[in-house]
Amino acid sequence: MILKQMMEDLAYKLVKVTEAAALAAYKLAGFGDEKRADQVAVDAMRTVLNSMEINGTIVIGEGERDEAPMLYIGEKVGTGNGPEIDIAVDPLEGTTICAHHKQGAMSVLAATKKGDFLHAPDVYMEKIAIGKNLPEGVVSLKNSIEKNLDNLAKAKGCKVNDLTVTILNRERHDELILKIRKLGAKVKLIDDGDVAAVVSLVNGNHDMYIGIGGAPEGVLAAAALSSIGGQMEGRLIFDTDQLRERAKNLNIDDPEKIYTIKDMARGKSVFIATGVTSGELVDGVKFSHNTYSTSSLIILPNKLIKVQVIS
């Protein structure tokens, strides 16, 4: 009970971090400048984190792959006093979405005790995820898409053509998309924002997420799903000589390893998302009469809390 209350107290403090980043990014929504929007979100997040009574370490950052600004892996944040925590961040999940003022841009953060998050490098990750209240292992990256859809339909007591699968709209997924449709399932394509797509499995708006996206985003999504009883697997992609060498330098002995949700988020964690623009998971920033309002979702073990702040 004490640990649970401590986590909830920490969550209410950390929500100020994502709120600050979301407000900063929103002011640049629609201006078409992805890097600038990302930079102001990073700066706002770093400023608030460094004002907090925590001894934090960034273990999942974002941006190295495309040279965007980032809170870098290994960066120490906070005053150095207070709880020792590992932090995973995506200051602006959906930079393109924000730049074009489309739906679903968010500021995202997850935290856990030291050592409980997978230290995933900023590479791509093959992912599969489903929601809660389903048999363990009903889907897996080891299975064919046919088997995964059949297993999921049986577990849900429906037909394959009743299922909706969410996937990033990327050329690398063209063959998979065609196969899913041929098997009879519906495909929901998203332009960006796979953290929101995975986490929104809790709302029951779709049945499965599958495809290749960022590894840091995979760990963030796993932190949320692990708290609400969802399932997820991920496999890091080291498909070039340079990346395979990087895997060795990171002491990754098995580059084909399939990570379960418990590998990615080993203990109890806090997940927070604050909307920049409105999406399925959270509403975006709203501006009226010189006041801003933010909407956030806090996910704790077996608990979802919605927070709205007017400033």
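Tutor: Here is a walk through the core, then a step back to the chain around it. This is a predicted model, in which local features need pLDDT of at least 70, side-chain atom pairs count only at pLDDT 80 or more, and totals for chains, interfaces and linings use all residues. Numbering runs from 1 along each chain as its sequence is written, and side-chain values use heavy atoms, leaving out hydrogens and water.

A nonpolar core is a set of buried Ala, Val, Leu, Ile, Met, Phe, Trp, Tyr and Cys residues joined through side-chain atoms within 4.5 Å, where buried means under 20% relative accessible area with a 1.4 Å probe, protein chains only. The largest one here has 46 residues, and Met106, Phe117, Val198, Met232, Leu236 and Phe271 have the most contacts inside it. Helix 7, residues 215–228, gives the most to this core, with nine residues; helices are DSSP runs (H or I, at least four residues), numbered from the N terminus. Now look at Met106: leaving aside residues up to four places away in sequence, it touches Pro91, Val195, Ala273 and Leu281, among others, a contact being heavy atoms within 4.5 Å. There's also a second, separate core of 40 residues, including Met45, Val48, Ile87 and Ile97. In soluble globular proteins, nonpolar side chains tend to be buried together.

Stepping back, 54% of the 311 residues of the protein chain count as buried. Among contacts between residues at least 6 apart in sequence, 68% join residues at least 24 apart. The C-alpha trace spans about 50 × 45 × 45 Å along its principal axes.

Notes. Buried < 20%, exposed > 50% of the residue type's maximum accessible area, 1.4 Å probe, protein only. Helix = DSSP H or I, 4+ residues; strand = E, 2+ residues; numbered from the N terminus.
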